[in-house]
Amino acid sequence: FRRDGCVCVPGFLTEEEADGLREACKHLVEAMDPSLHTPTIFSTTNHNQARSSYFLESGDKVHFFFEQEALDSNNELKVDKHLALNKIGHALHWLVPEFKKVSFSTKMKKVAQQLGFVSPAVVQSMYIFKQPGIGGEVTPHKDSTFLSTEPQSCIGFWFALEDVTLENGCLWFSPGSHKSPTNRRFIRNPDKTGDLTCFTSPPDPDDPSKYIPIPVPKGTLVLIDGQVDHKSEKNTSSKSRQIYTFHVIERHNTTWDPRNWLQPTPEMPFTGLYENNP
């Protein structure tokens, strides 16, 4: 992990844990009435969703984000709602018991300790679907662009809830790229007359030839350094690629960048991994 910026741990989640998270997500979607949620499309190619208050207010809520190809020109669903979502975010780890139980389990704390965290906090979580045939690509990025501390401390915990393959949109990462940190930030726009969010600088130079794929079996934990370049391709297969992920930052001797799009709230402060239990 220290050498490459990314590492896979097969079998980290049990079959029961992986299936339990998928079942919990299924219940969330079944209970979701699309007419009561802003039909917000999530895409990393244009970031239009970040111009909406629905996105910015999701830090302490469970909000639903759709695939572009799942909506028609009138923003009406063209497919069943279970096949329409790109992701759910960003407080599953705190508001949904099944996700909270896994996120704050003893073995998560043990991993954080092995990584050297002193006072780790979970700042956000997502369920990402990669729907069959329409699951959109995720363009190359570093997570610290979106979740920045000083010094940088963000690490992603990424869990395969079913087999992840080249065909259904596995992760790709650039080994060692975490040693070339970025100053690019995705922030709340200080210009109140413009978009709600903005990037502080253009994308960093990127070398597509340096990426390697990491297909993994169901139950695998992938640890992702906040400064490592990673991406995923569009899912063109007939099988989904459902995953759960949350991000951890260090609170000891670090400061949270107040410009970040995500902000702690009184309802849900950044939740300590060591001291909080399900």
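Let me start with the surface: the accessible area of this protein, by the Shrake-Rupley method with a 1.4 Å probe, comes to about 12500 Å², and 53% of that belongs to carbon and sulfur atoms. What we have is a predicted model, in which local features need pLDDT of at least 70 and side-chain atom pairs count only at pLDDT 80 or more, while totals for chains, interfaces and linings use all residues. Residues are numbered from 1 along each chain as its sequence is written, and side-chain values use heavy atoms, with hydrogens and water left out.

Of the 278 residues, 54% are buried, meaning under 20% relative accessible area with a 1.4 Å probe and protein chains only, whereas exposed means over 50%.

Turning to secondary structure, there are 5 helices and 16 strands, taken as DSSP runs numbered from the N terminus, with at least four residues (H or I) for a helix and at least two (E) for a strand.

In helix 1, which spans residues 15-31, the buried residues are Ala18, Leu21, Ala24, Cys25 and Val29. They lie on the same side of the helix because they cover an arc of only 140° around the axis, judged by the directions from the helix axis to the C-beta atoms. The face turned away from that buried side carries the exposed residues Glu15, Glu16 and Ala31.

Finally, 4 strands form an open antiparallel sheet in the order 5-13-8-11, where pairing requires at least two DSSP bridges between two strands. Strand 5 (138-141) and strand 11 (212-213) stand at the edges with a single partner strand each, so one side of each has no neighbour in the sheet. Strands 8 and 13 pair over 3 bridges, and Trp172 stands opposite Lys231 in strand 13.

Conventions:
Expected span 1.5 Å × (residues − 1).
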